[in-house]
Amino acid sequence: MKPIRLVTVSIAFAVVGLTLAACGPAATASPTPEPPMATASPVPPSATRIPPTATAAPPTATAGPPVVTLFRGDAGRTGRIESVVPRTLPTVVWQKTGLGLGVLGAPLVADGVLIVPNQIGKLRAFDAATGDELWVVGNGNGRGIVTSPVIVGDTVYAGRDDTLYALALADGAERWHYAAGALIYSAPLVVRDTLYFINQDGGVAALDRLTGAVLWQADVGGFAVHPPVYANGRLYVENGQRIVTLNLATGVEFWHSADSLSYAPLAVDAGRIYVGAAEGSFFALNASTGNLLWGYPTDGSDWSAPAVGDGRVFVGSRNETVYAFDTTTGDLVWSFATEDWAVCDPVLAGDTLIVGEGNHDRREGPRHLYALDAATGAELWRFEADGRLLAAPAVADGTIYILTAVGTLYALK
């Protein structure tokens, strides 16, 4: 691996009170853009308070920490799922078609209910075992990006256009909604009883998840399409040009990267930020300071979100390659060649990596879902779906759920 010089970061801590059959070839080294020094620039949150509109009974409060089912598995968005998946080619348990364009929002499962968003304004719930539709909300008028959801106890939270909704898991009844001020592209985050989200204009807000009341707001600017991430009392967000770290309780900034790289979705695990940049490299940064720990140069431009586990970080790229790196050194452990872009966010289920292929050029046609041995990158099986796989798979109770770009939903087991 080509060594990359470490950069130093100045940090100002805010005052509380007022962001695969055989392995493929190794990547070819090329010059790596270094993330420049991160600079501290505390930005007080806005004092604006916009009351939510309540239309039904509020979510049920929990006696202890709420049971939270998050997009990408956990608050660090590591893509780790506590489930065993088939190591041989699974069969289709059930299948639904005509669900509308499925590109941005990924399905999610909790308590036997599968929640499925699309890009024409609808959010659906299915019985995860049978595929029976339980409810649907939204008018499906061809408008309305619906984000990947988060499920907390008996409540589903998801964004649609410029509004964040809290819905009853049982029947989809609206509990409250909040006007976000701009489009929401990414999944919300819940930590204990606080819900966090970022809109496309870089507006970050913390809401009481039970009532929708605003706790704090901050503005990180830019164009934000990736979900917020939580680790060690900090909120990590991206605005299309830089990574910003905020105090979870107040929204006051700890530090931000001073570069202008086009970052992909990030993951935070064991004190490290893992993230790719459209400029062609994949990085690990110190999560407390933003210092560069290692970087790996490739000829890829678009990246999936990373999956992290067992000392390795897994990520796919537009260059039709899935990579596994050592989390400490950044050394390439293995790579695997796909037949189309590998930008579908991978899922790590035990010793198996699940990853799909697809592209953002709207070239339709069959695509593959791959199961790879996480230790070696060896292909275990591939399943041919009827369209591009861009939304991350969902995994629960040994079943894999995938939504294609043409609106077909598969349950594989």
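Biologist: What volume does the largest pocket have?

Modeller: A pocket is an open set of points on a 1 Å grid over the protein atoms alone, where a 1.4 Å probe fits, with protein on both sides within 12 Å along at least five of seven lines. A volume is the space filled by probe spheres set on the points, which are joined across faces, edges and corners. Here the largest pocket has about 830 Å³. Lining residues have an atom within 4 Å of a point; of the 35 here, Leu104, Val225, His226, Pro265 and His360 are the closest to the centre. This is a predicted model, where local features need pLDDT of at least 70 and side-chain atom pairs pLDDT 80 or more, while totals for chains, interfaces and linings use all residues. Residues are numbered from 1 along each chain as its sequence is written, and side-chain values use heavy atoms, without hydrogens and water.

Biologist: Which element gives the most to the lining of the second largest pocket?

Modeller: Strands are DSSP runs (E, at least two residues), numbered from the N terminus. Strand 34 gives the most, with 3 residues. The second largest pocket holds about 340 Å³, and Ile81 and Val395 are among the residues closest to its centre.

Biologist: What is the strand order in the open sheet of 5 strands?

Modeller: Strands of a sheet pair through backbone hydrogen bonds, either parallel or antiparallel. Two strands count as paired if DSSP finds at least two bridges between them. The order here is 4-30-31-32-33, with mixed pairing. Strand 4 (80-81) and strand 33 (379-385) are at the edges with a single partner strand each, so one side of each has no neighbour in the sheet. Strands 32 and 33 pair in the antiparallel sense over 6 bridges.

Methods:
Helix = DSSP H or I, 4+ residues; strand = E, 2+ residues; numbered from the N terminus.
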